[in-house]
Amino acid sequence: MDKFLIAFVFFYVWYAAGIAIGYHRLLSHHSFRCAKAFEYFWILGGYLAYQGSPIWWCAMHRAHHKWVDTEKDPHSPKFGLWRGYAGWIVPHTSKFPEHINPKLQCRDLFKDPVYRFIDCGSRFGQAIWLNITFNMLFFTVCGLLLGWQVGVAGLVASYVVFQMPLIVNTCCHIPKLGYKAFTVEGDDSVNVWWLGILAVGEGWHNNHHAYPGASRAGLRPHEVDFSYMMIRLGKVLGLVTHINEPHSLRKRLNRPRRHGAIARFKRRQRSQKLSSAS
Ligand SMILES: [Zn+2]
Ligand SMILES: [Zn+2]
């Protein structure tokens, strides 16, 4: 059981950070530059969590940012919880409207032969079958070489982490589930603390929407951003050459709403003290 748990935690962190660092912050937003080995290591993590073709994934995500919480947003929960969670996947698998078409929106990623190969000519069904086949082979080899507990842990972690981006897409665009650190016009994104932890930094989603090009999403001391820590570690190891930091963003931080009443109360107390002293 210990072996299973250790392997599960390892795979969970690798897969979740693979999506956050590889698919999201690197390929979708180019928020840092790194060695190909570092890039492929994290992309493999995300691929093992059934994220499919990185080109398809990035096309959907770029459309999400560009058309956030409008009809053109592939997965805004504003138009139904199911659509926000997974109902958006099937309508965006074969006929692509221009603003989502991977061939138009992800020309940069088509330059990479590995991504071109696993995209299967933007045929979603084939790309998913390739992903499933690869993963089954990977888990089987892990099981044979390292013990069945390790193979099963890899498989279970992949299904758990597969849920993470779907839950982030949904919960982090429902205002009552979190707080806004930034006000962005027409954008319902919020920071959700428990997803900040479970999705290794991706839950600080309102921060991310305020500055999508930043490699860091957690900005306050309590907003732990494991993925950003891994990117910093890559810099220390010489694998990451440039990091896009959100310096200007940190100065624009709003107070979280839940502190607003306390702040007003304290201001009132201060002014009462001053008036009674004078
Ligand atoms: Zn979003
Ligand atoms: Zn993004």
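Me: How many Å does helix α7 reach from its first C-alpha to its last?
Reply: This is a predicted model, and in it helix α7 covers residues 124-146, which is 23 residues. At 1.5 Å a residue the expected reach is 33 Å, and the computed reach is close to that. From its first C-alpha to its last, α7 reaches 32 Å.

Me: Which elements do the buried residues of α7 pack against?
Reply: The buried residues of α7 are Ala127, Phe139 and Cys142. After the helix comes glycine 147, which has a positive phi near 110°. The elements that the buried residues of α7 pack against are α3 (54-66), α6 (113-119) and α8 (148-171).

Me: How many helices and strands does the chain have?
Reply: The chain has 278 residues, and 39% of them count as buried. Among contacts with a separation of 6 or more, 65% are between residues 24 or more positions apart. The secondary structure comes to 13 helices and 2 strands.

Me: Which element gives the largest share of the largest nonpolar core?
Reply: This core has 52 residues, and those that touch the most other members are Tyr15, Ala16 and Ala59. Two or more residues each come from α1, β1 (32-34), α2 (36-48), α3, α7, α8 and α11 (226-236). The largest share, 12 residues, comes from α1.

Me: At what angle do the axes of α1 and α8 cross?
Reply: Two packed helices are described by the angle between their axes and the distance between the axes. The contact draws on residues of α1 including Phe4, Phe8 and Tyr15, and on residues of α8 including Val150, Ala157 and Val161. By class, this contact has 17 nonpolar, 3 polar and 1 charged residues. The crossing of α8 by α1 is right-handed, the axes come within 8 Å, and the angle is roughly 35°.

Me: Is phenylalanine 11 buried or exposed?
Reply: Phenylalanine 11 is found in helix α1 and, leaving out residues up to four places away in sequence, touches Ala153, Gly154 and Ala157. A residue needs 20 or more other C-beta atoms within 10 Å to be buried. Because phenylalanine 11 has 25 such atoms, phenylalanine 11 is buried.

Me: How far apart are the axes of α1 and α3?
Reply: Helix α1 (residues 2-28) meets α3 through Tyr23, His24, Leu27 and Ser28, which face Pro54, Trp57, Cys58, His61 and Arg62. These residues divide into 5 nonpolar, 3 polar and 1 charged. α1 passes α3 in a right-handed crossing, at an angle of about 65°, and the axes are 10 Å apart.

Me: Which residue just after α2 takes a positive phi?
Reply: Helix α2 has 13 residues and reaches 18 Å, close to the 18 Å expected at 1.5 Å a residue, and its buried residues include Phe38, Trp42 and Leu48. Most residues other than glycine have a negative phi, and most peptide bonds are trans. In the loop between α2 and α3, however, a residue other than glycine has a positive phi near 60°. That residue is tyrosine 50.

Me: Where does aspartate 69 lie?
Reply: Aspartate 69 is not a glycine, yet its phi is positive, at about 55°. With 18 other C-beta atoms within 10 Å, aspartate 69 is partly exposed. Its place in the chain is the loop between α3 and α4 (81-87).

Me: How many Å apart in space are alanine 35 and leucine 239, C-alpha to C-alpha?
Reply: Alanine 35 is placed in the loop between β1 and α2. Because alanine 35 has 14 C-beta neighbours inside 10 Å, alanine 35 counts as partly exposed. In sequence, alanine 35 and leucine 239 are 204 residues apart, while in space their C-alpha atoms are separated by 5.3 Å.

Note on methods: Residues numbered from 1 in each chain as written. Chains lettered and ligands numbered in written order. Predicted model: local features only at pLDDT ≥ 70, side-chain atom pairs only at ≥ 80, totals over all residues. Helix = DSSP H or I, 4+ residues; strand = E, 2+ residues; numbered from the N terminus. Expected span 1.5 Å × (residues − 1). Buried ≥ 20, exposed ≤ 12 C-beta atoms within 10 Å, placed from the backbone. Contact = placed C-beta atoms within 7 Å. Axes fitted to C-alpha atoms, helices over the stretch in contact; angles between N-to-C directions. Left-handed = near helix turned anticlockwise from the far one by under 90°. Nonpolar A, V, L, I, M, F, W, Y, C, P; charged D, E, K, R; others polar. Core = buried A, V, L, I, M, F, W, Y, C linked by C-beta atoms within 7 Å.
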